Amino acid sequence: MTAPRCSRHALAAAIALALGAGLVPSAHAQVSRATVRGLVTAPAGTQAGGLTVTATNTATGARYRTATRADGRYALVGIAPGDYLVRVLGADGAPIKTERITLSVGESAALDLSAAPSTAGDPVQLSRVTVEGTSIRQGVKDSQVGTVVSQRMIEALPQNTRNFLSAADLAPGVAFSSDASGLSRVQSGAQDFDHLNVFIDGVGQKNNILRGGLSGQDNSRGNPFPQSAISEYKVLTQNYKAEFDQVSSAAITAVTKSGSNEFHGEVYADRTGTNWRAMNPLEKEREAQGVPRPSSQKYEYGGSVGGPIVKDKLHFFVAYDGKRIEDSRQIAGQNFEKLPSAGIVPDLLARRGSQVDPFHEDLLFGKLDAQLNDEHKLTLSARLRRETDRIAEDRNLSLPGNDKQRRNDETRVDLKHEWSRGDWLSEARIGYEDYVWNPRSAANAPLIRYKVSTSTPQALTASQDVILDGGSPDAQRRQQRGAFLSEELTFTGADGHVIKGGVKLKDMRYDLSGTANSVDRVEVLIDTVTGLPYWDGTNCTGTTVSNNGTSSDQCKITRAEAPAVANFKNRQWGLYLQDDWSVTDKLELNLGVRWDYEDNMLNNRYATPADRVAALLAPDVTRYGVAPAAGQTYAQSLAKGGIDVSQYISDGHSRQAFKNAFAPRLGFSYDVFGDRKSVVFGGYGRSYDRTMANHALDELQKNQAPGGEIWLIRNDLKMPYADQFSLGLRQALTPSWNGEIAISRVEAKNQFVWFSGNRDPNGGFAQQSAIDPLWGGPDRYGQLVLGDSIGRTRTDSVFVKADKPYTEASGWTATLAYTYSDAKTTNLQWSNDTFDWTYGRSGRGWNPSTLVDRHRLVGAFMTDKLLPWGLTFSAKGTYASGFPRRLTNCVGGTPQCFLQEGDAPSFRQVDISIGKRFKMGIHQVALRLDVLNVFGVDNYNGFDDWIGTAPAAGQPANRLGGDNLNLDKPNNARGDNRALRVVMNYKF
């Protein structure tokens, strides 16, 4: 394996050297930076070529320089977003033309200049050019589908937590959600949140080991980055350019604040709590059951400071965000109405109660910017995240003690050097990251899941949860750490082209250990007549005992698993080339390609244990009433069902790294009339993501228990990717309003899925219903679970956006984003879950995605001038038509169970904020009141979706003919009811 690895590294190094030697490498395709391009016209009889054009940041003094080509065209690339003076310099170095311009993250601005001095002799023109909107519409010639979220909107909009991503849904096609426990996620289309990536100052924050898309966001109540440090960000949902890696849904690119030539700082604090929040119907119902809601509160506080160390040369910036939550939860259980007041039921009812779960997070960010000279810049930044949490196994069902402590820590350091000379810009980086996720429980008592059967005779396979008791089974530690090197070169010397190429190497190490099942887990049925459990405290009793005596019809015991360790290294290569080509004044093409490679994404040196291999190759036995042919092995039984298990058995050298992750990115924009008022745009792009390393630990852990389950990952596993198609129109609606409409399709393929590999001796599914997997693997072993890149999703969308950018003159801004989505998935869970147990059954096709609302409308408004007495006001409203529901219908009998679609109520929420600022010289004090869900709408995201079986004679039926009278009953809130939040802020 050594020689091929070395040859790959040599190839990548050769490509990087070729780029450095002048291989047309691109860029107004900046991940976090901006570009200014235009034409300088000279007076008659003079030359426009060879003139110097500079851009100087008005706050920091940072300077960018280039020269015009023979025809007067110029391009300034790699510019940090901010306010600039763009100057044309004469032969003596004095400015002969100056324009003011504001650049946003990832923007490409068009700015034409005249080299003729003004008649008044003053070279500075008072007009101000912005690329955030206005009739000039500088940023519209772009093939990407994206939305900029300004610092003004981040700070002004009401929010229930200081998560800067809470405004990401101002971009059509993106949804931000936060549930009642404070867990938040950002998602785009039918792909789950695992497939997004967030880039901070151009550096991806990808979670390599767990779910969540970006590191630290897997099941966390914390914020990913200090909002105090974010300047602005851009949300890209379609056709992003070749710089973007490890992403196949939304790419969010943010830039951080920097110190300026003046000292500035702020301090803030905000508070909310249960005494400032109305109860939702679920909480009222629990109080009526004698389970009160305890008092709790949430505090967020922090601040930032920045300024010069050496004016125009060296600046610093530091930000801190702290978050303290005491989150109350009511433990009432569910489905008690289906049980008698006898047996153990009264004791369980008496143990119900309330609990406050604490959470503590500290976020720290620091940054140094150095302008060494006109050619060299240096930026050093560092971030710390420290987070502790106590979280229940199930927020609504876990009795006190059924919880765990969790640590969620992250450290990142990034050093960037920029060197520009003539037509070239070099951006070199080196960085380090260390992320640790560590849930653990001190309890060693078994986890007991009490359940009630929904069938007759009573069976565990058709049951619903009642309440949870005992210890938490979590005892895990996950860590990703490593360093990266990257080099990006931009060349502007080719006529009409801005060309950029780059190479990146990340050397990552994954330390995965522990187990998610550190204690025995017992599923207990409570008899619906006697109220007694089918469990006597030590042993399982009942009939049809299986799994080596660990389970029966009435009770199932899953034994604790010993901790396991999977430590391995993974080198990640990324190469790209991007050309942004102005073919004419009207037409621009964005042509790019990237290639990504990981040499050890999922522990390629893993060898399947010999006992598991022997079990698969051993003679099959009579199962499910079907006898195998004489001498037929279990593997041969699987082959009859289309499973070649040899493709999943590894000898330590069977797995090969995926080498074909070539991703073309093609886009265009056409300015129909040449005035930037009507621009047609579109494109096609393929983008590769990655598979989280935790799957490798799942495989290792499950395979180490003697006689346990068998988990196998396919040897030729592929990397997940999405093909994106878009076509749209940007239109100036009025001098102040901009509009945009686009249609898109996203086809996501090769999504990783675990599925049941069990088959009967004929390769079939015995008498199991079409929606249930077949349980029971090789003789004397548990189930067979296979992992493969077989999941697919498809999202067809229409995006409509209208926005009125903020201007000092108007004092207000507004935006409106509407998305129509037709989202499908092949997963029979109807979500992009990592489990699709019944894969392999005939008749499966596309299913509705339960992750996407068909209609979604988000609007926002902010003003700081229109109200009397200097009051500020902002509002954000969201309407979503409701997620499809996956209903299980067994009215025709268990073997005939099938799934049918159900509707959920719409989501509606309006948040408002009103505040007042008091200014005293350079000091400003602000007080703000946020009213969240001002109309008190009850929103839900979970329901009882079990239709049930046919009711017994004389018993009532629900609306769909089943015996479950709780059908449609909500069981989880989709956000808070009406709540107040007070924010205090001091700035200087």
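Hi everyone, thanks for coming. One thing to keep in mind from the start: what you see is a predicted model.

Let me begin with the overall picture. The chain has seven helices and 49 strands. Its C-alpha atoms fill a box of roughly 100 × 70 × 50 Å along the principal axes. The accessible surface is about 37300 Å², and carbon and sulfur atoms account for 57% of that.

Now to the inside. In soluble globular proteins, nonpolar side chains tend to be buried together. Here, the largest nonpolar core has 34 residues, and Phe-164, Val-186, Val-198, Ile-230, Tyr-233 and Ile-252 have the most contacts inside it. Several elements each supply at least two residues of this core, including helix H2, strand E13 (197-200), strand E19 (314-331) and strand E40 (855-863). Another core lies apart from it, with 22 residues, among them Tyr-510, Ala-693, Ala-696 and Leu-697.

On to charges. The chain carries 111 positive and 108 negative charges, and their mean positions are 2 Å apart. How many salt bridges does the structure hold? The count is 83.

I'd like to show you three of them. Please find Arg-152 and Glu-808, whose side chains meet at 4.0 Å, N to O. Arg-152 sits in helix H2 (residues 151-156) and Glu-808 in the loop between strands E37 and E38, so this pair ties together parts that are 656 residues apart in sequence. Arg-152 is partly exposed, at 34% relative accessible area, while Glu-808 is exposed, at 53%. Both also belong to a network of salt bridges with Asp-864, Lys-865 and Arg-917.

Next, look at Arg-429 and Asp-414: the closest N and O atoms of this salt bridge are 2.6 Å apart. Arg-429 is in strand E23 (residues 424-440) and Asp-414 in strand E22 (residues 403-421), 15 residues apart. Are these two residues buried or exposed? Both are buried.

My last pair is Glu-266 and Lys-257, with a salt bridge at 4.0 Å, N to O. Glu-266 and Lys-257 are both buried too.

That's my tour, and I'm happy to go back to any of these views with you.

Technical notes
Residues are numbered from 1 along each chain as its sequence is written. This is a predicted model: local features need pLDDT of at least 70, side-chain atom pairs count only at pLDDT 80 or more; totals for chains, interfaces and linings use all residues. Side-chain values use heavy atoms; hydrogens and water are left out. Helices (H or I, at least four residues) and strands (E, at least two) are DSSP runs, numbered from the N terminus. Buried means under 20% relative accessible area, exposed over 50%, partly exposed in between (1.4 Å probe, protein chains only). A nonpolar core is a set of buried Ala, Val, Leu, Ile, Met, Phe, Trp, Tyr and Cys residues joined through side-chain atoms within 4.5 Å. Accessible areas come from the Shrake-Rupley method with a 1.4 Å probe; for residues, only the protein chains shown count as cover. Lys and Arg count as positive and Asp and Glu as negative; His and the chain ends are not counted. The place of a charge is taken as NZ of Lys, CZ of Arg, CG of Asp or CD of Glu.
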